[in-house]
Amino acid sequence: MKDFYDEVLSHIRYATAQEKEDIRTELSGHVADRAAELTAAGYDREEAEDRSLAAMGDPEEIGRGLDRQYTHVGLWLYRAVTAALFLTILSLGANLPLYRLHMLADNLTARWSPERSGYRQEEEGPVARALDIRAQVGSDVLYVYKTVFDPATGEAEVYYCNYDQNPFGQASDFLCSAVEVTTPSGGRDWSGRGGGSRGAYYWCASQIQTAPEDDRILLRYDRFGDHLLLEVPLDRGEGIS
Amino acid sequence: MKKKTIDHTELLVLTLLSGEDMYGYQIITELSRRSDRTFEMKEGTLYPVLHGLWKAGTVECYEGEAAAGRKRKYYHITKKGREALKAETEEWRSYARGVEAVLSSAPALG
């Protein structure tokens, strides 16, 4: 049999368990005080309790009245946020093992400051020029970020990298090495070096024989339905001719 | 004449608490005593009022001791409660004056 307090509490929807306990304690304390007064006035204990409970009024009315005070937007917000956070962490744990964070870091480094991870020129003398030429190749971005020209040898270098358009995505590991590097006069790269990891791949096409009139370098890629032809200006360091 | 923004029960409870901190049962008995038994509300319905005042920040509560080691919840009026009480008392008084004025203007009854 449901007692008076259970009946009251059953109408309070959003209070916490602690709050409900506190309400029960407060109401039963009130009834006990009233009952004590009645027993002092001569009623026997059982009747005193019955009268005291009756004096409280309709439990449903009290319960609904209290329910109106315990709307607890805060509680539901807290629960919703906690649940969302928990689910996010769960899904992150399932779908994003730690290596993906490295991948993300690599992707962002390639995207924003490839010089940090890319190859660096070693010698003095060559004309280095930073660039920002990007092209979409499939789901990746090819980013040409530097050229170097050695006036002594007439040889050029082109630095480029690729990363997935999606920062969390995996970069194509053959794109860079499959790019054909040529010059308008028919020169090509005779050497190259590259590397990287899932987040981004870097390449330096080097020993590109250039003719004096070659003012640009051509990058060509043609595979798996993706076509690319990039013309990269080559700074020969000669100033305005 | 502005509509009442506070329930008269809340006004009475805050008035009692402006004198001293009280617990629920004490408020009920005091209300009855001071109003010369005009106000005898169903005792349980005081609690939604008290909890509402607490949610509104016009009262705060703390635990005190009752007989036989039982815990008892005391209510204390806050600064915000005192300000609300002052404003609402004035509102009520002007409301009551308004009602009285209309009643007095009626032709004599009986």
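User: How many salt bridges are counted between chain A and chain B?

Analyst: A salt bridge is a side-chain nitrogen of Lys or Arg within 4 Å of a carboxyl oxygen of Asp or Glu. Between chain A and chain B the count is 5 salt bridges. One pairs B:Arg70 with A:Asp33, whose closest N and O atoms lie 2.9 Å apart. This is a predicted model, in which local features need pLDDT of at least 70 and side-chain atom pairs count only at pLDDT 80 or more, while totals for chains, interfaces and linings use all residues. Residues are numbered from 1 along each chain as its sequence is written, chains are lettered from A and ligands numbered from 1 in the order in which they are written, and side-chain values use heavy atoms, with hydrogens and water left out.

User: Which elements of chain A give two or more residues to the side that touches chain B?

Analyst: Helices here are DSSP runs (H or I, at least four residues), and strands likewise (E, at least two), numbered from the N terminus. On chain A they are H2, helix H3 (45-56) and H4. H2(A) gives the most, with 9 residues.

User: How is the size of an interface expressed?

Analyst: It is often given as the accessible area lost when the parts come together. Buried area is that loss, computed with a 1.4 Å probe and summed over both parts. Chain A and chain B bury about 1800 Å² between them, 53% of it on carbon and sulfur atoms. A:Glu26, A:His30 and A:Asp33 supply 34% of the area that chain A buries against chain B, more than any other three residues.

User: Which residues have the most contacts inside the largest nonpolar core?

Analyst: In soluble globular proteins, nonpolar side chains tend to be buried together. A nonpolar core is a set of buried Ala, Val, Leu, Ile, Met, Phe, Trp, Tyr and Cys residues joined through side-chain atoms within 4.5 Å; buried means under 20% relative accessible area, with a 1.4 Å probe and protein chains only. The largest such core has 31 residues, and A:Leu66, B:Val13, B:Leu17 and B:Ile27 have the most contacts inside it. A second, separate core of 26 residues includes A:Val127 and A:Leu230.

User: Is A:Asp67 buried or exposed?

Analyst: A:Asp67, found in helix H4 of chain A, counts as buried because its relative accessibility is 9%. Its side chain joins that of A:Arg13 in a polar contact of 2.8 Å (N or O atoms within 3.5 Å, one able to donate a hydrogen and the other to accept it; residues adjacent in sequence count only if both atoms are side-chain atoms).

Notes
Buried < 20%, exposed > 50% of the residue type's maximum accessible area, 1.4 Å probe, protein only. Buried area = accessible area lost by both parts, 1.4 Å probe.
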